[in-house]
Amino acid sequence: MTNRTIKILWADDEIDLLRPHILFLESKNYDVQGCQSGADAINWLETNTYDIVFLDENMPGLSGLETLDQIKTKYPELPVVMITKNEEESLMEEAIGQKIADYLLKPLNPNQILISLKKNLDHSRLVSEQVTSRYQRAFRDISMEMMNVKTHEDWIALYQQFVYWELELENSKDATLLEIMQAQKTEANLSFGKFIENNYQGWFDLPETGPILSHQLFRKYIAPEINKTQPTLLVVIDNLRYDQWRIISPILFQFYTNRKEINYFSILPTATQYARNALFSGLTPLEMKRKHPDLWKDDIDEGGKNLFEAEFLNEQLKRLGLSDFSHSYHKITNVKTAQKLAQQTSEFANHDLNVVVYNFVDTLSHAKTEVEVIKELAADDKAYRSVTKSWFSNSPLLKIIRQAQHLGLKLILTTDHGTINVKHPSKLIGDRETSINLRYKTGRSLTYNDKDTYASKEPERIGLPSLTMNSSFVFAKSDAYFVYPNNYNYFVNYYRNSFQHGGVSLEEMIVPLIICDPKS
């Protein structure tokens, strides 16, 4: 416990009979003020400050629930522990509904009271100490795993561990351990960049040796779920990282049961026009350009690069022999469109497959660069996750998902790629035809720092179309971002600590797919 004496207000019409418990608590350095009614408790709270209230449910005058209501109205953050002889479920539900901190049944025992106090008043410190102790033990194991990682499955497992510990440690009072863990992840990202350099092309030469990539995802995991007995809702949240998924998953699982969860690899570049078009077409960008030149646009072409996802989806369904399944496609780019779709969700029951592409997270990552208030709200990874959780909790998308659950729709949720908070500027020189993305470049005569990049001088070997005969692709690794020499210092400062995608990192490439069944 803290060095400060904890002050307890205990209201019970038989407070004298509780004297042994009060003496026990005082021996543990708690300061206990007893009173005999709800009205007395309210009076004591008006003139004194307490850390917690113990409240008897059955008292003359103001009942325990009536007293609880008054306390919560005036002091909503003050924890109240209800104590009663009554085991009726309805009473428990009513007390819980008024946000009690705990519910204890008489006869009490001293340890029961002590556990409740520690749970409510010292919970964060105890959890923090446990997390710190566990991570100190795990640190060595993670370091050993980083030295021995060899396969894409190993990298998925390692990245899942980093996300787990990041979420655990971010609420710890020991900021040093979080810094150590983040340094470990940075080191892992550097090794992951080398792994991609050594293996990525081989996944296209021999697809069976690699992970599931963007253009293989629909055929492998989504198509088998489509049937005529239960409609399916496929939600693609643009730019959703695995850690953001872990943050919003408890909200989603109020309505759906998780049946299958996998992590697949986004193709390079980890950018919407490549990765999401690949997901819906079931083709590599090179194949898209060759088979559907009317639908594909290169980086230097004018106009939107993701305007034909519905057409790509139609073609893939035909190719997979699924053209007899009815489907709908909806792209959400603003709140008005989302709200309109939320009002029309009942129509999902008329289709075997319903696809919703939701662009909020991508919009958030770009706004982080350009809008001052977003820079503050999403200052780092922790804040970025927090904003994502707040958005999802209050979004029309959650309303759409809840309505889909009521209709009995199966839910598949995934993304096209992730994003990374960039910290390290890397100089690059290119001509006027060079693409503008900060995490990847394509063009001729590119000059760059080899240490910061994964370069492909034969883009067709990795499923990418060449802009010209001599053009190549380069991808920033770890947390690097490309900056031209012109106005170098200005752009270094402008883009540092922004969220970008297109390159090679655990955060961008290893992304989730979840298949869920509706709860009854």
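Ser346 lies in the loop that runs between H14 and E9. In this predicted model, Ser346 has a relative accessibility of 52% and therefore counts as exposed, the cut-off being over 50%.

Let me turn to Thr345. This residue belongs to the loop between helix H14, residues 335–342, and strand E9, residues 353–358. Is Thr345 buried or exposed? Its relative accessible area is 2%, so Thr345 is buried, the limit for that class being under 20%. What does the side chain of Thr345 meet in a polar contact? The partner is the side chain of Gln403, at 2.8 Å. Leaving aside residues up to four places away in sequence, Thr345 touches Ile400, Gln403, Ala404 and Leu407.

I return briefly to Ser346, to relate it to another part of the chain. Ile247 is one of the buried residues of H10. That helix, residues 242–252, is mostly covered, with nine of its eleven residues buried. Among the buried ones are also Tyr242, Asp243, Gln244 and Trp245.

Next, the helix pairs. Helix H7, residues 152–169, packs with helix H8, residues 175–205, at an angle of about 160°, and their axes are 11 Å apart. Angles over 145 degrees count as roughly antiparallel, and H7 and H8 are therefore placed in that class. Their crossing is left-handed. On the H7 side, the contact is made by His152, Trp155, Leu158, Phe162, Trp165, Glu166 and Leu169. On the H8 side, the contributors include Leu177, Met181, Lys185, Phe192, Phe195 and Trp203. By class, the residues of the contact of H7 with H8 divide into twelve nonpolar, four polar and two charged.

The second pair is H2 and H3. The axes of helix H2, residues 38–47, and helix H3, residues 64–74, come within 9 Å and cross at roughly 15°. Why is H2 described as roughly parallel to H3? The term applies because the crossing angle of roughly 15° falls under 35 degrees. H2 passes H3 in a right-handed crossing. Here Gly38, Ala41, Ile42, Leu45 and Glu46 of H2 meet Thr67, Gln70, Ile71 and Lys74 of H3. The residues in this contact of H2 with H3 comprise four nonpolar, three polar and two charged.

Terms used. Residues numbered from 1 in each chain as written. Predicted model: local features only at pLDDT ≥ 70, side-chain atom pairs only at ≥ 80, totals over all residues. Heavy atoms only, no water. Helix = DSSP H or I, 4+ residues; strand = E, 2+ residues; numbered from the N terminus. Buried < 20%, exposed > 50% of the residue type's maximum accessible area, 1.4 Å probe, protein only. Polar contact = N/O pair within 3.5 Å; in protein donor to acceptor, adjacent residues only side chain to side chain. Contact = heavy atoms within 4.5 Å. Axes fitted to C-alpha atoms, helices over the stretch in contact; angles between N-to-C directions. Parallel < 35°, antiparallel > 145°, perpendicular 65-115°, else oblique. Left-handed = near helix turned anticlockwise from the far one by under 90°. Nonpolar A, V, L, I, M, F, W, Y, C, P; charged D, E, K, R; others polar.
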